[in-house]
Every structure is written in structure tokens, then in C-alpha cells.
Amino acid sequence: MRAAVAAFRMQLGLAFRTPNFWMAQLTTPAQTILFLSVVNAFDRPDLIAYAIIAPTLITMWNTGVWTGGSVVRDDRWQGRLELHAAAPTSYGIVVPARVAAVMTLALTVIPIALATAWLTYGIEIDVQHPWLLVATMVLIVVGTTGTAAIITSMTILSRAANTLQSSASYPFLLLGGVFVPLALLPVWARPLGRAVFLSWGSDLVRDGITQPTVDGVPGRLMILAGLGLAGFVVAHRLIRVIMRRVRVTGEISIQ
Amino acid sequence: MSAVVKTQALRREFRARRSKSGPVVALDGIDLTVEQGEIHGLLGPNGAGKTTLVKILTTILIPSDGTATVLGFDVVDQVEEVRRRIGLVFGGDRGLYTRLTARQNLDYWAALYDVPAATARTRVGSLLERVGLAERADDRVEEFSRGMRQRLHLARGLVGDPEVLFLDEPTVGLDPMASLRFRELVGEIRAEGKTVFLTTHDMAEAEAVCDRVSLIDRGKLLTTERPAVLGRWLNRFEWVEVHELPADLIARFQSMPGVSSVETRPDGWTRVQPDADGVAHGVLEVVVGSGITAVRTGSPSLEEVYLHVMGGRGMEL
């Protein structure tokens, strides 16, 4: 546990000193303006919450996958991956903890998106269920961390994992109901989307902001938590397996 | 003394992806014993297999064949036990979080080595003091010189209070003063009773700090000796080359006691190869005394030394 906390704190320290991390956050205002412009053009005030949630979740996801992904990539290029491999603490603990730190900082996109809406269109969001929103966002951070850690672990095996990071993002965001609710996707895509934690998260966020009453909150939160934690477990196990494999193949030393 | 590191018939092959050629043999049947409390050097040229051996002993790589134990624990089957008892330091600039401070780097690695927080606070402070970085403890590593970074690397390797410390080419790229300071620190570590396994391609470094040195080349362990013996071997087989050496001097050297061969190449250079102590000096005196200035000397490769010694008169010196 101490190692995980130390890894979390260390990554926070690194993020504050790394301009690249904050560059990702800077895309949020532009995306927020884009979505709000569309909503405004078609005079659909009922979709304003959607227009703010989408860029928020997109940035959080991108931060997890790209900035989180750099954890392993930078360790490899800086000769630290081998030092981690020789340390008593499993890299399978270190990586999720460090990605979690990145994701926690990524929550800053929420005030950025809200501020953008207020400054550009004078929009103020009235959140119907603040605690549901907070709980859901926390669980989205957990889920994104686990899923991003799974994708990140692939970079141990291959330097070409950037392709995976790129190609996985768009379908994941689509099935996660980030752009539009899952209910609006083709029927055949909905069961797939239900396996993605983000679809439960984005629905809960939208409902928490816009709906006077939200049905089935405990069950939906539990499913979101379960899928998110499953990502953590899979990431941890996967990293252990991959680290064992690269010890055999010698790929851990590839520069 | 007991064996801290022991390898038997250790072999490691690498197979390149998509390569039609066969596997590359990095280590070929290594039998090695490192005793408790010694500084054991592994000396060999680049590509000899030194780093591969260190990576196997530190559990980063798994051997293709053979066995290796550290403090009695198998490096394949008892990985956790090995990792808790060792420290690892690579040479060069890489391996640190340069945007963090020296203290933050050590704090992080202390946690990864399961050092309790209170102990870590004390130990990190004392290690920074010891490696001469206490006053720069809260400066970012990116502001450090190469020598300072390498001393921080050493502190990082010691933060888990290891029983065995592996140093892989720790002074590569350092200036002479920084290298000297680093070697002094290694000597201090040995004085605490820790075992140090150090790889280097520098005979002078091996002589300066090691109790015993193993020669490795092309994945094979050639021999293990005290550094003084290896140094004598290198001096003994130091060669002299002369450009356009006159025939009378060639004949003189051919009959000189302690000269094993005199060979002239098509480019006009003649190599005089001694095989006894002090003979190279005598050859040089004759050459310079005859007014020749196109002369150069050189040390034999480790393999040449080994072949001279083993192929000629065995190990007695």
C-alpha cells in the first residue's frame, strides 16, 4: 500500500512539472465551445448538459490513455523499466497507481468545461444530484484508470502500442456513450456498450445533472464500480504476466 | 566465506523477432562464485555479456539454461526473496526521474523497496549526506552533473539497504575525479560488509576497487583472478610496434630473451611481442636509442592475455 501511495504521489509531482500533461487539459475549452455551438445553433437547450459532459469525458479518457500511457513509455526510454523490474514492488501495482494520479488531476477538466460554458455562452449548470455526480465521477476515474492501465501495459510489450492507443479510443468513447447516450446507438451496439464502464458512467452523469429523479442509482453505481475495479484487477494481472514474458524474451531491454 | 552469488552452466540466448538467423548466445556456460563481503569485478569488452549476467542475477532476465542463486535464492523461482536483498545501479545518465528532486527520487524508490516511512526519512537523509548531495537534496536532478547523477544512482541502489549491490559499468562517462570519488564510495560500501558485484571494461578500475576479477569475453568466463595478477599479465604482454624497423633490429629482437614473436605486416609496421616482465621496456629502449621515433605500444586484449597465459605456461605467475 505504501508503494502504491508513493507511486501516486510521485506521479503527481511529475505531472505538475510536465507541461505536456496540461496541454491535454487545454483542448477542453475548444471542444466545449464546439459542442455548445452545435447545441446553440439548433436551439436545443435540453442538450446543454450533454455538450459539457462529452468534452469532459473525452479529455479524461485521452489523459488516461495518453498521459497514463507515457508512464511505461518514459520509464522504458529512460532506463527505469529495468530498475522497476528488479524492485520488490510489482510494476503491476506501480503503473495503476501512477495512472490513477494522472486521472485524479484530470478531474480539473470539469471546472474548465463549466467555466468555458459560462464565459462563452453565459450558461450555468444546475446540478440536480450533486452527490450522485461526485460519486459517479470518482468511479469514472477508477474505471478509466483501470482501462488505461490495461492499454498502458501493452506498451511494455511493444513500442508500437501507440497504434492501439489511437485505435482503441474512438470506439471506446462511442460505446461509452460519451458523444450520445447508448440508447441512441444502433440496437446491435448497445449490448457491447453495456460492457464498457463508461456507458454506465456517462448515463449517470447526465441523469445526475438533468433528471429530477434518477432510477436504480445503487445498482447502476455498483455495476460502474464493478466494471471499473475489474479493469484494475485485469491491469494488475496483465502487467505481471507481461513482465514475466519480457524477462524471458529479453524485450524489456529493447530501447 | 560463503558464496553470495553462484552460477552453474548459466546460458542466455536472445532470439531476434522476425530474424531468420539463429539465436545470439550472450552467455555460454558461466560458472561463477562471488564470496561474501568481496568486491567482485566482471571485466570484459563491450558485448562480452557483462550486462546480461547482471540482469539475470538481478532477476530482470531469465536464463535460457543453467542456474543462478543470490544469497542462496534462485533468481528464477525465488524472485521476491532475491529482489528484497539486492540493489542495482546502472551507469550513464538514465534511470532517474530528472524532473524530481534527489530526495523525491530516493523517497520513491525507498517505498518500492518496502522501507518503512520513518526509516526511509532517516536513510534518505544519511545517503544523500554520504554521497555528497545533502546540500542539493531538494534540487531537481536535471540540474545535476553526470558525476552527481551517478552518486545519486548509487544512493538509489543502497536505499533498500541491500546485502548485495550490483553495479553495471557505474563509472562509464565520468571524468577521472568523479570516477575516483565513486570508487571511494564503493570501497566504503564494502567496508560495511556488503558484497559488491561490479562490471567494467576498464582494467584500471578493476585493479583499483576489486578483490577478485573475472574475465569474460564473448559470453564465456575466461578466468577469475586477483587484480594484481591480471595487471601483471597485461603488463607482461604489452606489445611494441615500430614503423620500418631495420633488419638488424628485427634479428636482434628475434633472439632477445622474453620476446615471443616479431612480425612485420605489409603496411610496414613490425610488432614485437614480449612474454616476460619488463621486456617491452627493454625493446623500447633499443628502438628509441637507435633514433627511431615511429613507435607505439599497446596492451593486449583480455582474450589475448588469456590465450598467452593459458596456451603457454598455464596459470602460474
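Which residue is the bridge partner of Leu42(B) in strand 9 of chain B? Ser214(B) is the partner.

First, the ground rules. This is a predicted model, where local features need pLDDT of at least 70, side-chain atom pairs count only at pLDDT 80 or more, and totals for chains, interfaces and linings use all residues. Residues are numbered from 1 along each chain as its sequence is written, while chains are lettered from A and ligands numbered from 1 in the order in which they are written.

Now chain B as a whole. Chain B has 11 helices and 14 strands. Those are DSSP runs numbered from the N terminus: helices are H or I with at least four residues, strands are E with at least two. The C-alpha trace of chain B spans about 75 × 45 × 45 Å along its principal axes. Of the 317 residues in chain B, 42% are buried. Buried means that 20 or more other C-beta atoms lie within 10 Å of the residue's own; exposed means 12 or fewer, and partly exposed is in between, with C-beta atoms placed from the backbone. Take the contacts in chain B with a separation of 6 or more: residues 24 or more positions apart account for 70% of them. A contact needs C-beta atoms, placed from the backbone, within 7 Å.

Back to strand 3 of chain B, residues 39–43. Five of its five residues are buried. Both faces are covered. Ile39(B), Gly41(B) and Leu43(B) are on one side, and His40(B) and Leu42(B) are on the other. Strand 3 of chain B pairs with strand 8, residues 195–200, in the parallel sense over five bridges. Strands pair if DSSP finds at least two bridges between them. There, Leu43(B) has Thr200(B) as its bridge partner. Strand 9 of chain B, residues 212–217, also runs parallel to strand 3, joined by four bridges.

Next, an open sheet in chain B. Four strands line up in the order 2-1-4-5, with antiparallel pairing. Strand 2 (24–35) and strand 5 (73–74) of chain B stand at the edges, each with a single partner strand, so one side of each has no neighbour in the sheet. Strand 1, residues 3–14, pairs with strand 2 of chain B over nine bridges, antiparallel. Phe14(B) stands opposite Val24(B) of strand 2.

On to the helices. Helix 1 of chain B, residues 50–57, is mostly covered, with eight of its eight residues buried. Among them are Lys50(B) and Lys55(B). After helix 1 of chain B comes Thr59(B), with a positive phi near 70 degrees.

How do helix 3 (residues 102–112) and helix 4 (residues 117–130) of chain B pack? At an angle of about 135 degrees, with axes 10 Å apart. Axes are lines fitted to C-alpha atoms, for helices over the stretch in contact, and angles run from 0 to 180 degrees between N-to-C directions. That makes helix 3 of chain B oblique to helix 4 of chain B. The cut-offs: under 35 degrees is roughly parallel, over 145 roughly antiparallel, 65 to 115 roughly perpendicular, and the rest oblique. The contact residues divide into seven nonpolar, no polar and three charged. Here Ala, Val, Leu, Ile, Met, Phe, Trp, Tyr, Cys and Pro count as nonpolar, Asp, Glu, Lys and Arg as charged, and the others, Gly among them, as polar.

Most residues other than glycine have a negative phi. Asp114(B), in the loop between helix 3 and helix 4 of chain B, has a positive phi of about 60 degrees. Ala9(B) sits in strand 1 of chain B, and its phi is near 50 degrees. Ala9(B) counts as partly exposed because it has 14 C-beta neighbours inside 10 Å.

Last, the two chains together. 22 residues of chain A are in contact with 24 residues of chain B. On the chain A side, helix 1 (2–16) of chain A gives the largest share, six residues. By class, that side has 11 nonpolar, six polar and five charged residues.

Is Tyr97(B) buried or exposed? Buried, because it has 22 C-beta neighbours inside 10 Å. Tyr97(B) lies in the loop between strand 6 (86–90) and helix 3 of chain B. Leaving out residues up to four places away in sequence, Tyr97(B) touches Leu14(A), Asn105(B) and Val141(B).

Notes: Two residues are in contact if their C-beta atoms, placed from the backbone, lie within 7 Å.
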